[in-house]
Amino acid sequence: MSEAEELLSTPAEWDLPPERHRHFKDVLMQQIDHDTAVTPRRSRFWRPAVLVPLASAALTGALLVTLSVDGGGPATGPAPSAAAAGASVTLNRIATAAMASDTVRVRDDQFVYVRTLVRENTGSFTGPIRLGAAHTEERWTSQDPGPLRVTGWIRASGKDAIMPDQMIPVESPDPRPAGVDHPTYRWLASLPTDPDALLARLRKEARPVEGESRDQAVFSLIGDLIGGTVMPPANAAAFYQAAAKLPGVREIPDAVDAAGRHGIAITLDDTGFATRDEWIFDKETLALLGSRFYITDPDRGITTETLAGTSAVMETAVVGGKGEVPARAAAR
């Protein structure tokens with residue numbers, strides 16, 4: 001059995017929120033490259049400490065959900081000081097819009113359904129980035145407060161989808177209660193709505209990976225939660241207000257999601273970390289459109305910031321069970 005096969009057969013130690021999976025997917029794919037390449041090389045993203053958590057076959061399927069965003073070059077914005085001021089204003093406008101949105105009640109026996117359009121790297125994880133075709137990914141997140149071993153399900157379809165049309169469980173060997181790794185509506189509703197108190201809570205909850213600052217980890221965690229869940233308007237507003245307080249956050253005036261929709265992007269600059277996320281919002285409604293994910297890795301020949309993934313949130317709904325889709329999604 002190869003090292004990659006052993007990695008896939010080893011139980012995971014914990015489940016992770018969707019957007020964090022891309023870091024660990026990179027580790028897995030590098031391991032596969034290590035087994036198949038004649039002269040394998042390790043990039044700066046190799047993290048031996050996280051090999052076990054991503055290893056079960058079911059969780060590996062879950063990892064494939066989360067690379068974010070579109071096929072152009074990196075977006076550029078105004079000077080950092082102006083961009084930072086603009087980001088704070090924009091995030092508070094987004095918070096106001098979120099506060100005015102309709103309240104969707106979610107019961108513990110239901111699932112939150114999110115359908116996204118995704119493009120991700122199909123190239124070697126030791127070489128250049130090659131974005132694959134856009135494909136659909138669907139996620140069902142259980143609202144049962146648990147503890148649960150299987151907290152949700154994922155299904156991908158279309159060209160360049162991994163394990164297409166298979167329902168893949170998001171699972172961990174130990175039952176997980178509602179929380180960061182299993183964000184239910186009820187748990188999200190229990191979080192502070194004061195942005196300072198929420199930010200303090202998120203700083204405790206965030207788990208930075210090697211080379212990542214805690215602020216960057218918090219930014220990524222907020223992105224995970226706003227893009228893959230349903231929550232009360234007051235909590236959604238608090239997340240955006242908390243993000244506005246992070247040092248290094250800035251606005252990008254124009255960004256494009258995986259569906260080709262233009263919007264305003266919010267990002268956080270962390271010069272010590274070689275990846276960067278963007279959240280993209282509609283310029284008129286300020287609704288979340290999608291995200292983009294950039295990478296810089298000279299060890300792999302990626303010497304300038306390069307788009308490594310893109311997503312677009314196409315539908316979010318509440319359904320009665322795994323595999324059930326809203327009427328609009330079923331009609332497509």
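Author: Let us begin with the polar contact, a pair of N or O atoms within 3.5 Å; within protein, one must be able to donate a hydrogen and the other to accept it, and residues adjacent in sequence count only if both atoms are side-chain atoms. Helices (H or I, at least four residues) and strands (E, at least two) are DSSP runs, numbered from the N terminus. At the start of helix 6, a side-chain oxygen of Asp 194 comes within 3.1 Å of the backbone nitrogen of Asp 196. The model is predicted: local features need pLDDT of at least 70, side-chain atom pairs count only at pLDDT 80 or more, and totals for chains, interfaces and linings use all residues. Residues are numbered from 1 along each chain as its sequence is written, and side-chain values use heavy atoms, with hydrogens and water left out.

Reader: Which residues of helix 6 are buried?

Author: Buried means under 20% relative accessible area, exposed over 50%, and partly exposed in between (1.4 Å probe, protein chains only). In helix 6 the buried residues are Pro 195, Leu 198, Leu 199 and Leu 202. These residues lie on the same side of helix 6, because they cover an arc of only 100° around the axis, the arc being that of the directions from the helix axis to the C-beta atoms. The buried residues of helix 6 pack against helix 7 and helix 8.

Reader: Which residues touch the most other members of the largest nonpolar core?

Author: In soluble globular proteins, nonpolar side chains tend to be buried together. A nonpolar core is a set of buried Ala, Val, Leu, Ile, Met, Phe, Trp, Tyr and Cys residues joined through side-chain atoms within 4.5 Å. The largest one here has 36 residues, and Leu 91, Ile 222, Phe 239, Tyr 240, Ile 266 and Trp 279 touch the most other members. Helix 8 supplies the largest share of this core, eight residues. Leaving aside neighbours within four places in sequence, Ile 222 is in contact (heavy atoms within 4.5 Å) with Leu 202, Phe 239, Ala 243 and Trp 279.

Reader: How many salt bridges are there?

Author: Side chains of opposite charge can pair when their charged atoms come close. A salt bridge is a side-chain nitrogen of Lys or Arg within 4 Å of a carboxyl oxygen of Asp or Glu; by this rule the count is 15. In one of them, Glu 315 pairs with Arg 115, the closest N and O atoms being 3.0 Å apart. Glu 315 lies in strand 9 and Arg 115 in strand 1, so the pair ties together parts that are 200 residues apart in sequence. Both Glu 315 and Arg 115 are buried. Another salt bridge joins Arg 250 and Asp 269 (2.5 Å, N to O). Arg 250 is buried, with a relative accessible area of 12%, whereas Asp 269 is partly exposed at 33%. Shared partners also link Arg 276, Glu 278, Arg 292 and Glu 305 into one network of salt bridges.

Reader: Where does Gln 110 lie, and is Gln 110 buried or exposed?

Author: Gln 110 lies in the loop between helix 4 and strand 1 and counts as buried, at 12% relative accessibility. A polar atom of the Gln 110 side chain is 2.9 Å from the backbone nitrogen of Arg 107. Gln 110 and Gly 320 are 210 residues apart in sequence and 4.8 Å apart in space, C-alpha to C-alpha.
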